[in-house]
Amino acid sequence: VADSPHTEAAAPGSPDDNIRAALEDIHQSLRRNLLDLIADRDPQFFEQLVLRLLRAIGYGVDSSSIEHTGRPGDDGVDGVISLDQLGLDKICVQAKRYDRDRAVASEEVDRFFAAVHRFGATKGVLITSGRFTESARRAAKSARGATIRLIDGTELTDLMMRHCLGVRHEALPIPRLDLDFWEDE
């Protein structure tokens, strides 16, 4: 009789280790489910999702400081976030809704870098539901005159889980010994 994947994880280790392993399985499954749901939606939805996530993380002075600019001919910027009330410091955002196995190449990072400069910004965030090639990561790190932050599908879904965007957390009561109770007075 073949063991299930959960049998292997449950056999050794403490109950806490088993809970951690099960929680990691839940996170992996949720990442896949989120990426599948994103893939089923249109690119406009993904652009809005990315902007909502950045707002949930704490970017922008208020909700009106986040502008969705994505449309055909958007000059490579899907959103602009003002970091101050006068809009002098801003972040450009590019959202690439890709299959999880498709990678953003360095040429796309270079085009985004040029778009950030055209918008007069010094910061940019390029978020994909896919992944980045190593050359794309090098291009972002070597960008001079602007900081380009890359967020791939794994980090995107982790941020969505952490900031409860499209995800809800449920508390499970886990009984533990109350060692204070058992200590001598």
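**Sites and packing**

Colleague: Is Gly79 buried or exposed, and what is its relative accessible area?
Modeller: Gly79 counts as buried, where buried means under 20% relative accessible area, exposed over 50% and partly exposed in between, using a 1.4 Å probe and protein chains only. The model is a predicted one, in which local features need pLDDT of at least 70 and side-chain atom pairs count only at pLDDT 80 or more, whereas totals for chains, interfaces and linings use all residues. Residues are numbered from 1 along each chain as its sequence is written, and side-chain values use heavy atoms, with hydrogens and water left out. For Gly79, the relative accessible area is 0%.

Colleague: Which residues is Gly79 in contact with, beyond its neighbours within four places in sequence?
Modeller: Gly79 belongs to strand S2, residues 79-82, strands being DSSP runs (E) of at least two residues and helices (H or I) of at least four, numbered from the N terminus. Between Gly79 and Leu51 there are 28 residues in sequence, yet their C-alpha atoms are 7.1 Å apart in space. Counting heavy atoms within 4.5 Å as contact, the residues that Gly79 meets beyond four places are Leu51, Glu67, His68, Thr69, Ile91, Cys92 and Val93.

Colleague: How far does the backbone nitrogen of Gly79 lie from a polar atom of the side chain of Thr69?
Modeller: Thr69 sits in the loop between strand S1 (66-68) and S2, and its 10% relative accessibility is why it counts as buried. Its side chain also reaches the backbone oxygen of Val77 at 2.7 Å; a polar contact is a pair of N or O atoms within 3.5 Å, one able to donate a hydrogen and the other to accept it within protein, with sequence-adjacent residues counting only if both atoms are side-chain atoms. From the backbone nitrogen of Gly79 to the polar side-chain atom of Thr69, the distance is 3.2 Å.

Colleague: Which backbone oxygen does the side chain of Lys90 reach?
Modeller: Lys90 is part of strand S3, which covers residues 90-96, and its C-alpha atom is separated by 7.4 Å from that of Thr122, 32 residues away along the chain. Leaving out residues up to four places away in sequence, Lys90 touches a set that includes Val80, Ile81, Ser82, Ala121 and Thr122. At 3.2 Å, its side chain reaches the backbone oxygen of Phe119.

Colleague: Which backbone oxygen does the side chain of Ser129 reach?
Modeller: Ser129 lies in the loop that joins strand S5 (123-128) to strand S6 (131-132), and with a relative accessible area of 3% it is therefore buried. Not counting residues up to four places away in sequence, its contacts include Leu35, Ile38, Gly153 and Leu156. The side chain of Ser129 comes to 2.6 Å from the backbone oxygen of Tyr98.

Colleague: At roughly what angle do the axes of helix H2 and helix H6 cross?
Modeller: The axes, lines fitted to C-alpha atoms over the stretch in contact with angles from 0 to 180 degrees between N-to-C directions, belong here to H2 (residues 15-40) and H6 (residues 153-162), and come within 10 Å. The two helices are therefore roughly perpendicular to each other, a class that covers 65 to 115 degrees. Among the residues that make the contact are His27, Leu34 and Ile38 of H2, with Gly153, Leu156 and Met160 of H6. The crossing angle is roughly 105°.

Colleague: Which elements do the buried residues of H6 pack against?
Modeller: The buried residues of H6 are Gly153, Leu156, Thr157, Leu159, Met160 and Met161. The buried residues of H6 pack against H2, helix H3 (43-57), S5 and strand S7 (147-151).

Methods
Parallel < 35°, antiparallel > 145°, perpendicular 65-115°, else oblique.
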